[in-house]
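Welcome! Here is a short tour for anyone meeting this structure for the first time. Take a look at it, then read on topic by topic.

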Amino acid sequence: MTGADPDHLPLVRVWYGFMTARVTIALAILALQGSLFALGQAVPVWLVLGCGAYFASTLGVRFLARPEQASERLAPFWGWTIGVDAVVFCTLQILQSGNINYAPLLGVPVLLAAVLGSRAMALGTAAGMTLLLLLEAWWMNTQGAPDGASRLLQSGLTGLGYFVAAFLVNQLAARLVREQQIALRSQMTARLQTHVNELVIETLADGVVVIDAGGITRTLNPAARLLLGSGESDSRTPLVLASRPAWQPLLKLAQQTFEQESAQAADITIVHPGKSPRRVRARTRLTIAHEVRAESLCVMFLHDLREMEARLRTEKMAAMGRMSAAVAHEIRNPLAAISQANALLEEDLTDAGHKRLTGMVRQNAQRLSKIVDEVLGIARVQHPGVKRSSPVQLVLDETVDAVCRDWSAQDAASRHGQLVLTLGTLGLPVDFDPDHLQRVLINLLDNALRYVNNEAGAIQVSTRLAPSRQSSLQVWSDGPPMEQAVEQHLFEPFFSSESRSSGLGLYICRELCERHRAVIGYQRATRERDGRVVQGNEFYVNFRPPKPSAVTGDLFGAAQT
């Protein structure tokens, strides 16, 4: 026998059934001949020993050999197996020890060849068995046995039965083989299609969740886990929607789908304690149960509304940005003339009231100039100009350290001791433009400075390296919590809770982060200060993990320690 994989062979169970039947027949023959010998019947010793050897050979084939579909050409193994059976059964039939007729056993090799072999092999085996029966009848006639003609006729009829059985059984076996091959191909096609479906679902940007009637997820893709904020990385781990208050709206929508047996849709806000709310559009579909006892499942599609809103904002801002940039250019020159004229006028004034008025003009001109610069900055962000063929990388810790030192030095007297810096990425590079990161960090620091208390460590900047090699930046301040209405619109352009702010700083930060495929967000977080745990506002930037070639194993190993 060859080392073919039995799982891929048809009729493998039939093969083991035949081999088990041969072992059973051999054991019965050995027991019968041994009993006759023990009872003093005329049974030669060599016949008992031969039956024992036949039993041993059937055991060896049953447990050591492996099934293999025979080809049209007679394989040596099949000839050996069928030949051994034929010799043993013919010898017992000729000797007929104990006056027992062993002719029915000659049908076993015929069936074996018909089921597991080719048609020629089956008919050839039937012919061989028929010839042996005719020779046995002829030999008995030559020995003077009575009813010689009847014995020859009986042998001929038995042989005809062997031919008919071999043909019919071989046809049925061949049909079974074809059906099993079709079933195997269908199974492989179904597995391939299942794999393709899983691959497509895994890479979908929208979340896909399959929920049963008990509110337990059967499967969900990585995008769904991110939208749900489950924190589990294994997609096979089921989630119980009733276990978290933030998932209750999803559970309610799934229950409505099961109760009404119709598709549902709703805009849902997922709010986890201490994290920014996430708005999603959920659509449900109910699977069709084709059988009476088949289970129906709710398939829920989750779409992040932030992406939709971002696209709308991008389209709106693209048009508004072009207009704003043109207006800003037109404003800049008159504004510069106003500022210069006001400065010249201020030099000639001596009256304190007049100087106060020129001071107001100067302050408002500076404010208008800052707004113009920010508007032009948005235009530069949305139209970056020449695209680089490869992303720009920087060493995060070095860049953050340099920017924080420069920012603290701008007003060293008032900012001394306010800023605490903790660096933890151990020199790992990130894909980000240094000028853009400087702008993001300074915007976050200026924003934090507006709301902090005048205490040491009121602003804490840190960099971290996650086990997944993803670097992140955090800017924490001990300011009061934001109102939810303000938090929902933090990164929208021209939105500000202060009348003197343009509302463009955080929007520019988000645009720059999205250009470098980084994620910026806000959450309430705690920090330790002077041995106390203090609540505060934290803005974080999760950078895109670098390519494997950009980091060495030693570096990562050191980062984990």
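Five strands make up an open sheet in this predicted model, with antiparallel pairing and the order 2-1-5-4-3. Strand 2 (217-220) and strand 3 (265-270) are the edge strands, each with a single partner, so one side of each has no neighbour in the sheet. On average, neighbouring strands here are turned by 25 degrees against each other, direction ignored.

**Around the five-stranded sheet**
- Strand 1 (residues 207-211) runs antiparallel to strand 2, and three bridges join them.
- One place to look is Val210, whose bridge partner in strand 2 is Thr219.
- Helix 8 (residues 248-260) packs on this sheet, where it touches strand 1, strand 3, strand 4 (278-286) and strand 5 (298-304).
- The direction of helix 8 makes about 140 degrees with that of strand 5.

- Buried or exposed: which describes the residues of strand 10? Seven of its seven residues are buried.
- Ser471, Leu473, Val475 and Ser477 point one way from strand 10, while Ser472, Gln474 and Trp476 point the other way.
- Strand 9 (residues 459-465) pairs with strand 10 in the antiparallel sense over seven bridges, and Thr463 stands opposite Leu473.

**Salt bridges**
- How many salt bridges does a search of the whole structure find? The search finds twelve.
- One of them joins Glu346 and Arg362, whose closest N and O atoms are 3.0 Å apart. Glu346 belongs to helix 9 (residues 305-348) and Arg362 to helix 10 (residues 352-382), so the pair ties together parts 16 residues apart in sequence.
- Glu346 is partly exposed at 24% relative accessible area, and Arg362 is partly exposed at 35%.
- Arg529 and Asp478 form another salt bridge, with the closest N and O atoms 2.6 Å apart. This pair links distant parts of the chain, 51 residues apart: Arg529 is in strand 11 (residues 519-529), and Asp478 is in the loop between strand 10 and helix 14 (484-488). Both residues, Arg529 and Asp478, are buried.
- Arg510 and Glu514 also form a salt bridge, at 3.9 Å between the closest N and O atoms. They are four residues apart in helix 15 (residues 505-515), which means about one helical turn separates them.
- Arg510 is buried at 10% relative accessible area, whereas Glu514 is partly exposed at 42%.
- Salt bridges that share partners join Glu455, Asp478 and Arg529 into one network.

**Annotated transmembrane regions**
- An unreviewed UniProt entry gives the annotation "transmembrane region" to residues 14-32, 44-65, 77-95, 102-135 and 155-177.
- Residues 14-32 are 100% helix and 0% strand, with end C-alpha atoms 27 Å apart.
- Residues 102-135 are 79% helix and 0% strand, with end C-alpha atoms 15 Å apart.
- Ala165 has its place in helix 6 (residues 148-203) and is partly exposed at 28% relative accessibility.
- The C-alpha atoms of Ala165 and Leu123 are separated by 9.4 Å, although the two are 42 residues apart along the chain.

**Confidence**
- The average pLDDT of the chain is 81, and 85% of the residues score at least 70.
- Among the elements, strand 10 (residues 471-477) has the highest mean pLDDT (93) and helix 16 (residues 553-560) the lowest (41).
- Residues 1-7 have pLDDT below 50, and this stretch has twelve contacts beyond near neighbours in sequence.

How values were computed: Residues numbered from 1 in each chain as written. Predicted model: local features only at pLDDT ≥ 70, side-chain atom pairs only at ≥ 80, totals over all residues. Heavy atoms only, no water. Pairing = 2+ DSSP bridges. Helix = DSSP H or I, 4+ residues; strand = E, 2+ residues; numbered from the N terminus. Axes fitted to C-alpha atoms, helices over the stretch in contact; angles between N-to-C directions. Contact = heavy atoms within 4.5 Å. pLDDT = per-residue confidence, 0-100. Buried < 20%, exposed > 50% of the residue type's maximum accessible area, 1.4 Å probe, protein only. UniProt positions renumbered as here; feature names shortened; annotations may be inferred. Salt bridge = Lys/Arg side-chain N within 4 Å of Asp/Glu carboxyl O.
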